[in-house]
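Please open the structure in your viewer and keep the selection panel at hand.

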Amino acid sequence: MTKVLLITGGASGIGAETARIAATRGYSVAINYRTRDAEAKKVVAAVEAKGAKAVAIKADMAVEADIVRMFEETTKALGPITHLLNSAGISRQMRVDSYDAAMLASLFATNVTGLMLCCREAAKRMSTKHGGKGGAIVNVSSMAATLGGRTGSSAYAATKGAVDSFTRGFAREVADEGIRFNSLRPGMVLTEMTEGRLKDPDFKKGIEASIPMRRVGASREIADAALWLLSDEASFITGTMLDAAGGGYRI
Ligand SMILES: NC(=O)c1ccc[n+]([C@@H]2O[C@H](COP(=O)([O-])OP(=O)(O)OC[C@H]3O[C@@H](n4cnc5c(N)ncnc54)[C@H](OP(=O)(O)O)[C@@H]3O)[C@@H](O)[C@H]2O)c1
């Protein structure tokens, strides 16, 4: 069966790196993006250069109609979706006294509700109960879910905690329908999401000191872990959280 991997937030960071490596592991890849048209085209070109099929699909993971259309367009372009990586996510640095409802709604719309709707669409297509052939899904959560995040990240951490709880429950709902469902918790990784803050030498030093391995991670290290969880090598693993975080962090 052709392996078709849909990656949300696939035009940058962890999602883009996973797409590039997936191209060498027998996957056709659908790269979802929201604003990064040029970057999405570059990722498509990189995947195709490795001999794999690819398509870029513009869709906002905070909009249900976009999510449904993205699944339909992926299936039309590449065939039935067998694998899904939910990597789209946003982070907001904000202490509790600065919260407002709109900010919290936008954070949860992408990081939680959008991710859950993607899982609904994937399950409808993958589940043997609905005539599908099974599949595997990985949600990109965060180590922030474990300790509540670093200062200023509590709202973001709450969204990732929701992802982990959803992962545990959803995995059991679909475990006997051929779908494996896990979450991956990166620690601090150098990507577009963090590079602004990591440019500050004091911030970087503090982060490195808080991680047992004394360094931040690279996208490649997270992409490899995601692809392992998606692969048949992880065939008896579902409903679990894999930490890819250099040993975690202390606050
Ligand atoms: N980097 C880290 O240290 C770290 C640590 C733990 C967890 N994570 C998680 O890893 C995942 C990937 O992040 P990253 O580090 O690779 O950073 P990134 O390069 O900023 O990737 C996030 C991607 O998600 C996309 N995105 C955001 N909102 C979207 C929406 N509503 N619809 C569609 N796409 C959307 C962004 O595109 P636009 O810019 O166009 O919106 C961007 O391409 C996120 O879920 C993040 O929370 C990252």
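Strands here are DSSP runs of E with at least two residues, helices are runs of H or I with at least four, both numbered from the N terminus, and two strands pair if DSSP finds at least two bridges between them. Within this pair, K3 has Y27 of strand 2 as its bridge partner. The model is a predicted one, in which local features need pLDDT of at least 70 and side-chain atom pairs count only at pLDDT 80 or more, while totals for chains, interfaces and linings use all residues. Residues are numbered from 1 along each chain as its sequence is written.

Now widen the selection to the open sheet, where 7 strands follow the order 3-2-1-4-5-6-9 with parallel pairing. Strand 3 (54–58) and strand 9 (241–244) each have a single partner strand, so one side of each lacks a neighbour in the sheet.

Finally, select the ligand, which is surrounded by 30 residues, the closest being G9, G13, M61, G89 and M193; a residue is near if its C-beta atom, placed from the backbone, lies within 6 Å. Helix 1 (13–22) and strand 2 each supply at least two residues of this shell, and helix 1 gives the largest share, 3 residues.
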